Amino acid sequence: MVLPMFWKKGKWIFFIIAVCVLLTVAHNTGLERNKLTFLEVWLRDMLAPLESGATAVLSGVRGIGGYFAGYQDMVQERDKLIKEVADLKEEVNSLKEAGLENARLRKLLMMKENMEPDWEVLPAKVIGRDTENWYHSIIINKGMADGLEKDMVVINYDGLVGRIIALTQNTAEVLLLLDRGGAVGCLVQLSRTPGVVEGQGSGKMLRMVHFPHDADIQENQIVLTSGLGGIYPAGLRIGYITKIEVEPNGLMKQAEVKPFVDFDRLEEVLVLTKPKNEVSVP
Amino acid sequence: MRYFVFFATIIISIVLQSSISFFNLGIQPDFLLILVLFSALLEGPFTGLKVGFVIGLVEDLVTGKFIGIHILTKMLAGYLIGLGEPKIFKENYLVPVVTLFIGTFLHGFLFLFFGSIVGIDISWGKDIWVRILYLALFHGVLAPFVYVPFYKIYVSKWFNKDS
């Protein structure tokens, strides 16, 4: 080993003396000295131009520190901006939503104004849909407390939506026209050909059945409620005919009707609560 | 050639150390200490001692304060780190990292110890140890980048030429 050899040779005395000498010198050459030694002056003078040149050339490297410090600031600023962008996006989104809602409500208002001479109407919001696939119904946020009753007719700005089939104090379940149980007496607007419109159980189309083989109906003609059946008032828009075919028995015809109402996007509806004046449901 | 490169490296280290501000961390890498520690690592305690003496002397003369303190601390650090020289595999990259980390800590400790004896005003407390720890970590990170060129020069033929 090196250390024991060092000690063995007795050099430790030299070592201790050297340490003592160095400490003494260091002690006596503290911070403030009156005169530098020749060697120190020479060294400093030799290094001075080198240091000055290096400082000038490498001053750009000082930017490294600034770069990293700036990097931290940038990260913070980026995080702040990301948050701000998210907030603004949310705001834009909610404004868009408000704009769309505004447009829908305007249409609904127009519909309400159209219906108001004959009917008392109550606007309601759709708050839920049927959780099962077997029925087509929606839940609205008005119920018995608002004066709603079973079999009241529900419409929106596009036309007939359905009728109320169940009520709670604050909600009502509306059976949509799409449901097989929601058959409506109807007629073709132009030819006044009567029939019945019913849901097909699945899909988004309705079927108009039971009209005579020789009835004068064509595609794209509008189908309205006929007022027959005691629930739905006459004249409400249902949809338009897209396809006409002969029923399997060969005696009657049936037609496929595309409803005006987009049942997938129902948000606001109007409930026809009470007829006004002399209007009466047949 | 060896001596020329050695002194040139010392001058470059001093110039770099006094010219560049690294990372605004409040600590400067001690290239001269790194030179002592790597020399000791490659050649053993007596080279560590000798290199420590020369570099310490130059540093003392340049700083012009408490002359002898750097000689003492660098010599001792070089000597003690050099004691590990026969036992380690120098081509492992972890060796310079550990060497610089331990060596820097050791040097810091020696500087505080002898500095307090000769009258350097040291503000004792947690901060001073944290500062040494930061420097040791910093040297540890720098180690592979400095050691590779250092080792290549050290083993190169022209470095070992007599003339």
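1. Leaving aside its neighbours within four places in sequence, B:Leu133 touches B:Phe101 and B:Phe105, where contact means heavy atoms within 4.5 Å. The model is a predicted one, in which local features need pLDDT of at least 70, side-chain atom pairs count only at pLDDT 80 or more, and totals for chains, interfaces and linings use all residues. Residues are numbered from 1 along each chain as its sequence is written, chains are lettered from A and ligands numbered from 1 in the order in which they are written, and side-chain values use heavy atoms, with hydrogens and water left out.

2. B:Leu133 lies in helix 6 (residues 126–155) of chain B; helices (H or I, at least four residues) and strands (E, at least two) are DSSP runs, numbered from the N terminus. The C-alpha atom of B:Leu133 is 8.4 Å from that of B:Thr104, with 29 residues separating the two along the chain.

3. B:Leu133 is partly exposed, its relative accessible area being 33%; buried means under 20% relative accessible area, exposed over 50%, and partly exposed in between (1.4 Å probe, protein chains only).

4. In strand 3 (residues 153–156) of chain A, A:Val153 and A:Ile155 point one way while A:Val154 and A:Asn156 point the other, and all are buried. In a regular strand the side chains alternate between the two faces of the sheet.

5. Strand 3 of chain A runs antiparallel to strand 4 (residues 159–167) of chain A, joined by four bridges, pairing being assigned if DSSP finds at least two bridges between two strands. The two strands form a hairpin with two residues between them, and A:Asn156 stands opposite A:Gly159.

6. Strand 3 of chain A also pairs with strand 12 (residues 268–275) of chain A, in the antiparallel sense over three bridges, with A:Val271 as the bridge partner of A:Val154.
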